[in-house]
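Here's a quick briefing to read with the model open beside you. It goes through a few loop residues, then the strands and how they pair up.

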Amino acid sequence: METTPGTFHCGYCGEANETFVDLSQGREQSYIEDCQVCCRPNVLRVTADLSSADVYISAEFEG
Ligand SMILES: [Zn+2]
C-alpha cells in the first residue's frame with residue numbers, strides 16, 4: 001500500500017493532525033478520522049496529485 005503523509009487542522013479544536021493517505025484509493029477521497037488531540041471525528045476531504053504525490057486535505061465537522 002502506498003501512503004503519503006498529509007496534515008489537516010481539526011474542525012473542532014484547530015490542532016494540526018497528521019494523517020496518511022492511501023493514493024491507490026484515487027485522487028479524491030473522503031473519510032473520517034478522529035482528532036489526535038480532542039478525539040472528535042473530522043470528515044476529511046482529500047484531493048491528491050498522483051503525479052507529485054502531494055495531498056490537499058480539508059476537515060469538516062461531522063454532523
Ligand atoms: Zn481536535
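A53 sits in the loop between β4 and β5. Keep in mind that this is a predicted model. A53 isn't a glycine, yet its phi is positive, at about 65 degrees.

**Loops and turns**
- C39 belongs to the loop between β3 and β4.
- The phi of C39 is also positive, near 65 degrees, and C39 is another residue other than glycine.
- With 10 other C-beta atoms within 10 Å, C39 is exposed.
- G14 has a positive phi too, near 80 degrees, and it lies in the hairpin of β1 and β2, where six residues separate the strands.

**The three-stranded sheet**
- β3, β4 and β5 make an open sheet in the order β3-β4-β5, with antiparallel pairing.
- β3 (28-34) and β5 (54-61) are the edge strands: each has a single partner, so one side of each has no neighbour in the sheet.
- From one strand to the next, the twist averages 30 degrees.
- β4 (residues 41-49) runs antiparallel to β5, and eight bridges join the two.

**The β1–β2 pair**
- β1 (residues 3-9) and β2 (residues 16-22) are antiparallel as well, paired over seven bridges.
- Here, F8 is opposite N17 in β2.

Definitions and conventions: Residues are numbered from 1 along each chain as its sequence is written. This is a predicted model: local features need pLDDT of at least 70, side-chain atom pairs count only at pLDDT 80 or more; totals for chains, interfaces and linings use all residues. Two strands pair if DSSP finds at least two bridges between them. Helices (H or I, at least four residues) and strands (E, at least two) are DSSP runs, numbered from the N terminus. Axes are lines fitted to C-alpha atoms, for helices over the stretch in contact, and angles run from 0 to 180 degrees between N-to-C directions. A residue is buried if 20 or more other C-beta atoms lie within 10 Å of its own, exposed if 12 or fewer, and partly exposed in between; C-beta atoms are placed from the backbone.
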